[in-house]
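Welcome, and please have a look at the model below. A short tour of selected spots follows.

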Amino acid sequence: MTIQQQLELEPNYRRNRVIISVVVIALMFWSATTLNFSNFSINGFSIARSIINGLVNPDWAFLFNATPSGVPYLLIETVAIAFLGTIVGAILAIPLSFLSATNLIPKPIAWIFRTVIMVIRTVPVFIYGLVFVRVAGPGAFAGLLTMSFASIGMVSKLYIESIEDLDIKVLEALDACGCNTFQKIRFGIIPQLIPDFASTVIYRFDMNLRDATVLGLVGAGGIGAPLIFAMNAYRWSEVSSILLGLVVLVLIVEFFSAKVRTKLVRG
């Protein structure tokens, strides 16, 4: 068979590509019809210029203010909310994950607990924040409860995947050696799960740190409330200081978390 004959036998995707391109372009034009430019005015340029001018000139005194109202203290409070919320959520997710693993628990029971986890994951973090602010009052404790419940869903899902990927042969070998249940858990299950569990917790901490930043908008502590207050008061220099502190904080946390996750996964 010649090369020309082989090319003729290969499927022609040109028609599918043209159809997909037409559909995508049509969707883009359809989405553009929802845009409303009637509220756009000449004053928008002056407002944008004042915002940019404030953002490029941060309030350095506010950025390095060591009082409880300064950026460093608010960032530390945000990190504390995210960290403790991640730890509490990760601990609560462990029993739910084992009860949802189909290789350890009968499927009907496992699916009941999976449904519970799915319901927990469905609720947005802002809804949890509003609920716990009503229950515990505004402050860091409401943020801690919010982060804990918001973490359970995702962490449990990843825990379940790790549990269901357990190497059963290791447990069979320990069973053949006469190990009891505690010894099989200690030497066969925990060593396999710790790296994946720790990597999941670190990854969730990265997400919670960003979520905790905006939780202050509902009064759940952290740096979100001062950020929205500064924006509403058009104090763009303070907004710039807060954003600069957040960028530095996220970069530092991302650097160290990536190092730790790589070490855990690769050994």
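## A residue in helix H5

Valine 71 sits in helix H5 (residues 71-100); helices here are DSSP runs of H or I with at least four residues, numbered from the N terminus. Valine 71 is buried, as its relative accessible area is 1%, and buried means under 20% with a 1.4 Å probe, protein chains only.

## About the model

This is a predicted model, where local features need pLDDT of at least 70 and side-chain atom pairs pLDDT 80 or more, while totals for chains, interfaces and linings use all residues. Residues are numbered from 1 along each chain as its sequence is written, and side-chain values use heavy atoms, without hydrogens and water.

## The nonpolar patch

Trp60, Phe64, Leu244, Val248, Ile252, Phe255 and Phe256 make a nonpolar surface patch of about 750 Å². Such a patch takes residues with over 30% relative accessible area and no salt bridge, with nonpolar side chains joined within 5 Å; a salt bridge is a side-chain nitrogen of Lys or Arg within 4 Å of a carboxyl oxygen of Asp or Glu.

Helix H12 (residues 236-266) gives the most to this patch, five residues. Isoleucine 252 lies in helix H12 and, at 44% relative accessibility, counts as partly exposed, the class between 20% and 50%.

Definitions and conventions: Patches are made of residues with over 30% relative accessible area and no salt bridge: like charges are joined within 9 Å, nonpolar side chains (Val, Leu, Ile, Met, Phe, Trp, Tyr) within 5 Å. Accessible areas come from the Shrake-Rupley method with a 1.4 Å probe; for residues, only the protein chains shown count as cover. Helices (H or I, at least four residues) and strands (E, at least two) are DSSP runs, numbered from the N terminus.
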